[in-house]
Amino acid sequence: MKIYCSLALYLTIGYNFGYADSESVPCGVPKFQPVNNRVVGGHEARPGSWPWMVMLAEVGVLVCGGSILNEQFVLTAAHCFEDELSRNPIRWQAYVGKHHLNYEDASESKHHVKEIIIHPGFQNTSMKNDIALLRLQEPIIFDDYKKPICVPPTRRRVVPFNSYCYTTGWGDTRGTGDRTVLNQVMLPIVNDYFCGRADWYGQSFIRGVTFCAGYAGGGRDACTGDSGGPFNCKKDGKWYVQGVTSWGYDCAQPKWPGIYTDVSKYGTWIRETMLNSGVPLND
């Protein structure tokens with residue numbers, strides 16, 4: 001089993017010029033549109049085109065990605081916090097408005113993690129319910145490089161099977177591109193029938209709460225370091241976090257597309273958790 005985690009990282013704090021009223025910032029609408037032309041087999045993203053993208057570092061080392069949901073909450077994968085030590089919030093920092101891995105961008109800012117909220121049903125052996133929320137100590141000040149992504153309506157997938165969406169991250173590119181910048185790759189959502197076949201993932205694929213995305217022949221995929229990042233799908237002019245990058249066998253291999261937690265199945269948990277914290281999701 002492959003878990004999309006871990007890559008060395010040196011980061012420092014930046015600055016931003018934000019909007020006065022963060023609640024007025026619409027979700028899923030970047031100022032800079034993604035170039036439609038790594039993640040394996042992808043290409044460098046246009047700076048600022050995925051403004052909800054978060055880099056999560058544990059004691060200075062890139063471990064996972066995440067998505068901005070509002071000024072204080074980040075969505076990511078539960079398996080990023082695999083043991084008791086890694087579940088200590090003081091060890092984590094969230095970098096937003098970032099593009100380059102190895103140096104500070106003028107648009108970036110660093111935020112400390114106040115609380116790690118792992119889905120109560122998470123199973124680290126099967127990766128079922130691989131989803132988590134992070135509450136930040138310092139609120140994000142939204143600007144052109146820092147904006148929230150939309151959460152899908154509860155129990156309703158934004159786009160159907162065979163639709164093309166993007167996965168984004170700073171993970172391993174397996175030599176297919178520059179791993180020091182934010183990369184993106186376009187992938188189709190694969191029908192559950194194929195991912196559940198014995199010659200694909202078989203019984204390891206959990207129907208109903210996950211989906212897989214990629215190509216039967218491989219070649220394009222998320223990889224090590226991309227865990228927790230968003231699977232970005234666009235509908236009616238807005239981008240939604242349809243999936244959270246979860247796991248897969250190796251990277252970009254035939255019949256082993258990446259597996260993503262289906263965020264639409266967790267809308268109630270996300271909204272109730274944020275509401276109970278006093279910082280509700282602004283749908």
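Modeller: Buried means a relative accessible area under 20%. Keep in mind that this is a predicted model.

Colleague: Fine. Is strand 10 enclosed or open, and why?

Modeller: Strand 10 covers residues 164-169, and five of its six residues are buried, so the rest of the structure largely encloses it.

Colleague: Which way do strand 10 and strand 11 pair, and over how many bridges?

Modeller: They are antiparallel, with six bridges between strand 10 and strand 11, the latter being residues 183-190. Within that pairing, Thr167 sits opposite Val185 of strand 11.

Colleague: And how many bridges join strand 10 to strand 13?

Modeller: Two, and those strands also run antiparallel. Thr167 turns up here too, standing opposite Phe231 in strand 13.

Colleague: Let's zoom out. What share of the protein is buried?

Modeller: 59% of the 283 residues count as buried. The fold has two helices and 15 strands. Its accessible surface is about 11,200 Å², and carbon and sulfur atoms account for 51% of that.

Colleague: Change of topic. How many aromatic pairs are there?

Modeller: The structure holds 15. One of them is Phe32 with Tyr145: the ring centres are 5.2 Å apart and the planes meet at 40°, so the pair is tilted.

Colleague: Which residues do ring pairs link into a cluster?

Modeller: Trp50, Trp52, Tyr166 and Trp239.

Colleague: Now charges. How many salt bridges does a search of the whole structure find?

Modeller: Nine. Among them is Arg91 with Glu58, whose closest N and O atoms are 2.8 Å apart. This pair also links distant parts of the chain: Arg91 is in the loop between strand 6 and strand 7, Glu58 is in strand 4, and 33 residues separate them. Glu58 is buried, with a relative accessible area of 13%.

Colleague: What does Glu108 form a salt bridge with?

Modeller: Lys98, with 2.7 Å between the closest N and O atoms. Glu108 and Lys98 are ten residues apart, and each lies in the loop between strand 7 and strand 8.

Colleague: Are those two buried or exposed?

Modeller: Glu108 counts as buried at 0% relative accessibility. Lys98 counts as buried as well, at 6%.

Colleague: One more. How far is it from N to O in the salt bridge of Lys265 and Asp262?

Modeller: 3.8 Å. The cut-off is 4 Å, so the pair qualifies as a salt bridge. Asp262 is buried at 0% relative accessibility, whereas Lys265 is partly exposed at 27%.

Colleague: Which residues are in the network with them?

Modeller: Arg157 joins Asp262 and Lys265 in one network, through salt bridges that share partners.

Key: Residues are numbered from 1 along each chain as its sequence is written. This is a predicted model: local features need pLDDT of at least 70, side-chain atom pairs count only at pLDDT 80 or more; totals for chains, interfaces and linings use all residues. Side-chain values use heavy atoms; hydrogens and water are left out. Rings of Phe, Tyr and Trp (its six-membered ring) pair if their centres lie within 6.5 Å; planes under 30 degrees apart count as stacked, over 60 as edge-to-face and the rest as tilted. Helices (H or I, at least four residues) and strands (E, at least two) are DSSP runs, numbered from the N terminus. Buried means under 20% relative accessible area, exposed over 50%, partly exposed in between (1.4 Å probe, protein chains only). Accessible areas come from the Shrake-Rupley method with a 1.4 Å probe; for residues, only the protein chains shown count as cover. Two strands pair if DSSP finds at least two bridges between them. A salt bridge is a side-chain nitrogen of Lys or Arg within 4 Å of a carboxyl oxygen of Asp or Glu.
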